[in-house]
Every structure is written in C-alpha cells, then in structure tokens.
Amino acid sequence: GRNRTYDSLVTEYRIGDMTFDALSKIYNKQTRLHFEQKLLQSFSLVTEDGYLTQAGVLFSDQCPYRHSSLYCTRWDGFEKDDASDSREYQGNLLTLLEAGVQFTTLHNKKGWIKLPNKRLDTPDYSDRAIFEALVNALIHRDYSILGSEIHIDIYDNRLVIYSPGGMFDGSLIQNRDLNEVPSKRRNPIIADVFTQFGYMEKRGSGLRKIRNETAKLPGYSTEKQPSFRSQYESFFTEIPNNNYKQEDLNVPQNVPQSVPQNVPHSSDKSLDLWIEEQIRINPKITTDEMAKLSDKTSKTIKRHIAKMPHIKYIGRGNNGHWEVTQSIKSKRL
C-alpha cells in the first residue's frame with residue numbers, strides 16, 4: 001500500500017544493533033576499495049536516522065530472519081527419496097551465497113576427456129552458471145513469503161534451484177522469450193548491492209548467462225540446455241548434468257522390489273537374452289538387481305539395455321515397469 005519495495009521498508013533495528021563485517025570484507029575484495037560506514041546509507045541499507053531497512057537486515061552479520069535460509073540436498077536418483085547429503089543454512093545473503101557455492105562445488109563431479117597431448121576436465125555443471133542462478137534466486141526471491149526458503153536440489157541427472165516468488169510482473173517465464181524479458185527487480189536495493197560487487201548486471205541478462213556459461217562446457221549439446229519455469233509463488237532453474245548419459249535417463253536406479261529366488265543366472269546365454277528373460281520374469285526388476293544376479297556391473301546392464309530398443313521402461317521410479325515389445329529370438333527368426 002505504500003508503493004515501496006519490500007527491501008526498502010524500514011525496520012525497528014538500529015545501526016548499533018548489527019555489524020557488517022561480511023559485507024565490508026567482500027566489498028574490499030571485489031572493488032579493492034576501503035569500505036566506509038557511510039556506504040551503508042548510500043546503499044540504502046540504513047536510513048538517515050540510523051534505522052536499518054529490510055535490505056540492511058538481510059546483509060547484516062546477525063540477520064535474525066529465519067526465512068533467510070538455504071536448504072541444500074544431494075538426492076540419490078532422479079526424485080526426492082533417499083539423500084546422501086543434506087544441509088541447512090540460515091543467515092545473511094552473503095553467507096547463504098557462499099554456503100550454496102561450497103555445497104554445489106562439493107557435488108560438482110568432474111569427468112575427463114583424453115586429448116592427444118593433455119586431459120580435458122569435464123565438470124557436471126558450470127560453476128559460473130550455478131553462481132548466476134544462486135545470485136538470481138537471492139536477489140529476486142519474495143522475502144515477504146514466510147515459511148519458505150531457497151532450495152538447491154541435486155539429482156543424478158540435474159540440479160534444480162527453487163526460489164519463493166514468481167516473476168515480478170506476474171508472467172510465466174516459460175512463456176517468455178529470454179531475449180525479450182525486461183530487467184524488473186523485486187528487490188532493487190539488494191540487486192544494487194550485488195551489482196556493486198560485480199555479481200550481477202542491471203541489464204537483466206542473468207538467465208541468458210546461465211545458458212551461455214553452460215554451453216561452454218566440453219561435450220555440451222542442446223539437450224543439456226538449462227530451463228526455467230515459474231508459478232505465482234515459485235521460480236525454478238533447472239540445469240541438466242552435462243556428463244549424464246542419455247541412455248541412462250530412462251533406466252530406474254533403485255526401485256525397491258523383491259527378487260524371485262528362481263531367477264536363472266547368466267551363463268552361456270548372451271547377456272542381452274538373459275536381461276530379456278529377467279524382465280519377462282519380473283517386469284519391476286532393477287538394473288542393480290540384474291547386476292548382482294549376473295555378476296556384471298550396473299553400468300554394463302544399462303549399456304546393454306540402451307542398445308535394445310524393444311525393451312522400454314514405462315513410468316517413473318517405484319511406479320514404473322519394463323515392457324518387452326519383441327523378443328530377441330523372434331527378431332532372429
């Protein structure tokens with residue numbers, strides 16, 4: 001009703017209640033200039049009479065807002081089921097940004113390609129693209145939405161960053177051309193501070209930069225292009241794992257299912273024929289279970305299935321099953 005943005009609203013906290021050591025340290029590092037107390041007022045973090053704005057509280061070392069949080073999870077598989085790593089962070093925006101970068105760096109595995117005279121590292125994700133996505137989430141989230149926080153969810157095949165609050169103008173990002181999206185900022189004060197650090201630009205190019213930085217990865221293809229979707233109170237950035245093989249995308253990883261005791265072991269039969277037989281016996285058998293029965297690796301089983309177009313996995317996760325459209329024997333006949 002005041003025609004003011006959330007981050008410009010004045011709080012009951014006074015300048016003497018908070019410190020800004022983290023802000024000062026990063027300002028000195030990024031600009032190579034000395035941070036002076038008067039910059040707090042220049043940045044609109046503090047009013048003339050010494051009260052902190054909402055942006056000031058969010059950048060303060062003692063930020064008391066519980067909804068200024070970041071939840072990070074590394075999930076096993078493609079869905080939210082079992083987690084191998086889960087961490088929660090609460091604090092000011094700079095602390096959350098640093099924590100998010102550290103978590104994603106920890107789980108950004110690197111493969112490699114052998115070249116004639118060197119080895120080329122191939123990370124799952126572009127560090128710069130993730131950084132841009134995190135900054136975008138921190139700047140544009142709707143801090144008036146309580147009971148929600150920014151999430152980083154890393155799966156086997158993708159990384160997803162969720163931020164409370166949809167597009168500032170109410171549109172849906174999936175229906176927009178990224179080249180035509182204007183720079184409208186829900187939190188202009190927060191955005192200006194990040195701009196001072198060189199963490200973002202005012203031209204509204206963050207989403208395009210996420211795609212452009214991802215496209216620089218070795219072995220990148222258009223199927224691995226980051227995507228964005230929004231609703232009224234949510235914004236999602238999804239970045240595919242650049243090293244994840246396409247043939248693995250439709251193969252269930254850990255579908256819990258009891259294994260029949262009378263399943264024959266692979267012996268002189270071809271592995272392809274054996275795999276087909278196991279699927280006919282138990283359409284819900286997993287690749288891990290077939291690997292244990294055949295003394296092969298799960299990767300080997302997946303590679304063989306990927307070359308068998310007559311075998312399809314219908315559905316996802318626990319609710320899915322295998323189907324055999326034509327047997328190997330009949331094909332040979």
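I looked up how α9 passes α10, and the crossing is right-handed (a crossing is right-handed if the near helix is turned clockwise from the far one by less than a right angle, left-handed if anticlockwise). The contact takes in T287, D288, M290, A291 and S294 from α9, and S298, I301, K302 and I305 from α10 (contact means heavy atoms within 4.5 Å). I sorted this contact by class and got 4 nonpolar, 3 polar and 2 charged residues. Here Ala, Val, Leu, Ile, Met, Phe, Trp, Tyr, Cys and Pro count as nonpolar, Asp, Glu, Lys and Arg as charged, and the others, Gly among them, as polar.

Helix α9 covers residues 287–294 and helix α10 residues 298–306; their axes are 8 Å apart and the packing angle is about 110 degrees. Axes are lines fitted to C-alpha atoms, for helices over the stretch in contact, and angles run from 0 to 180 degrees between N-to-C directions. At that angle α9 is roughly perpendicular to α10 (under 35 degrees counts as roughly parallel, over 145 as roughly antiparallel, 65 to 115 as roughly perpendicular and the rest as oblique).

The model is predicted: local features need pLDDT of at least 70, side-chain atom pairs count only at pLDDT 80 or more, and totals for chains, interfaces and linings use all residues. Residues are numbered from 1 along each chain as its sequence is written, and side-chain values use heavy atoms, with hydrogens and water left out.

Helix α8 (residues 271–281) packs with α9 at an angle of about 125 degrees, the axes being 11 Å apart. The two are therefore oblique to each other, and their crossing is right-handed. I listed W274, I275, Q278 and I279 in α8 against M290, L293 and S294 in α9.

How many disulfides does a search of the whole structure find? I got 0 (a disulfide is a pair of cysteine sulfur atoms within 2.5 Å). Buried means under 20% relative accessible area, exposed over 50%, partly exposed in between (1.4 Å probe, protein chains only).

T47 sits in the loop between α2 (39–42) and β2 (51–53). Is T47 buried or exposed? It counts as buried, because its relative accessibility is 18%. With neighbours within four places in sequence left aside, T47 contacts V10, Q41 and T53.

S44 is also found in the loop between α2 and β2. S44 is not a glycine, yet its phi is positive, about 65 degrees. I noted S44 as partly exposed, at 33% relative accessible area.

R32 is in the loop between α1 (21–31) and α2. Its phi is near 60 degrees, again a positive value in a residue other than glycine. R32 counts as exposed, because its relative accessibility is 75%.

I counted 11 helices and 12 strands in the protein (helices are DSSP runs of H or I, at least four residues, and strands of E, at least two, numbered from the N terminus). Of the 333 residues, 48% count as buried. Among contacts with a separation of 6 or more, 62% come from residues 24 or more positions apart.
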